[in-house]
Amino acid sequence: MSEPLDDELVLDGNAAAGALSEIYGDEMTTVLAECASCGQVDPIGGLLAYVHAPGIVLRCTACATVMIRIVHTPRGTLVDVKGKRIPPPPPRT
Ligand SMILES: [Zn+2]
């Protein structure tokens, strides 16, 4: 193997657009997210997306800190928001 596999698994935040709009009921990729670790601000659509992890993980472009995790489970979808400025997911009904 000569190609680093990890690079092929990294997409941008737009890869999570469908999952995010399902959860929030709105387009989220243009919402600004501030990294809780280094303060970098990027639109959610510009974050690094790791979609082959269990669920979807969005990371800071500067320091790779996890800012959003989305995990689908048999009981529903869990959203873990760690970055700043990102609104918490609405309560499920
Ligand atoms: Zn950061």
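**Entry: alanine 64**

I began with alanine 64, which lies in the loop between E5 and strand E6 (66–73). Strands here are DSSP runs of E with at least two residues, helices are runs of H or I with at least four residues, and both are numbered from the N terminus. I noted that what I am reading is a predicted model, in which local features need pLDDT of at least 70, side-chain atom pairs count only at pLDDT 80 or more, and totals for chains, interfaces and linings use all residues. Residues are numbered from 1 along each chain as its sequence is written.

Is alanine 64 buried, exposed or partly exposed? I found 13 other C-beta atoms within 10 Å, so alanine 64 is partly exposed. For this label, a residue is buried with 20 or more other C-beta atoms within 10 Å of its own, exposed with 12 or fewer, and partly exposed in between, with C-beta atoms placed from the backbone.

**Entry: after E7**

Next I went to the segment after E7, the place of arginine 85. Arginine 85 is not a glycine, yet has a positive phi of about 75°. It is partly exposed, with 14 other C-beta atoms within 10 Å.

Proline 88 is found in the segment after E7 too. With 8 other C-beta atoms within 10 Å, proline 88 is exposed. I also looked up how proline 88 stands to leucine 47: they are 41 residues apart in sequence and 17 Å apart in space, C-alpha to C-alpha.

**Entry: leucine 47 and leucine 58**

That made me curious about leucine 47. Which residues does leucine 47 contact, leaving aside its neighbours within four places in sequence? I listed Asp12, Gly13, Ala33, Asp42, Leu58, Arg59, Cys60, Thr61 and Met67. A contact here is a pair of residues whose C-beta atoms, placed from the backbone, lie within 7 Å.

Leucine 58 and leucine 47 are eleven residues apart in sequence, and their C-alpha atoms are 5.9 Å apart in space. Leucine 58 counts as buried, with 30 C-beta neighbours inside 10 Å. Residues up to four places away in sequence not counted, leucine 58 touches Gly13, Ala16, Ile44, Leu47, Leu48, Ala49, Met67 and Ile68.

**Entry: the core**

Then I turned to the largest nonpolar core, which has 17 residues. Such a core is a set of buried Ala, Val, Leu, Ile, Met, Phe, Trp, Tyr and Cys residues joined through C-beta atoms within 7 Å. Which members touch the most other members? They are Ala16, Ile44, Leu47, Ala49, Ile56, Leu58 and Met67. E4, E5 and E6 each supply at least two residues of this core.

**Entry: the sheet**

I traced an open sheet of five strands, in the order E1-E4-E5-E6-E7, with antiparallel pairing. Why is one side of E1 and of E7 left without a neighbour in the sheet? Strand E1 (10–12) and strand E7 (76–81) stand at the edges with a single partner strand each, so one side of each has no neighbour there. From one strand to the next, the twist averages 20°. That angle uses axes that are lines fitted to C-alpha atoms (for helices over the stretch in contact), and angles run from 0 to 180 degrees between N-to-C directions.

Two strands pair if DSSP finds at least two bridges between them. Strand E4 (residues 48–50) and strand E5 (residues 56–59) are an antiparallel pair over three bridges, and tyrosine 50 stands opposite valine 57 in E5. E6 and E7 pair in the antiparallel sense over six bridges. I noted valine 71, whose bridge partner in E7 is leucine 78. A hairpin joins E6 to E7 through two residues.

**Entry: the whole chain**

Finally I stepped back. The protein chain has two helices and seven strands, and from the N terminus on the elements run α-β-α-β-β-β-β-β-β. Its radius of gyration, taken over C-alpha atoms, is 13 Å, close to the 12 Å that the globule rule (2.2 Å times the number of residues to the power 0.38) gives for 93 residues, so the chain is as compact as a globular protein of that length. Along its principal axes the C-alpha trace spans about 50 × 30 × 20 Å. I read that 24% of the 93 residues count as buried.

Confidence is lowest in helix H1 (residues 5–8), at a mean of 56, and highest in strand E3 (residues 41–43), at 97.

Technical notes: Two residues are in contact if their C-beta atoms, placed from the backbone, lie within 7 Å. pLDDT is the predictor's confidence in each residue, from 0 to 100.
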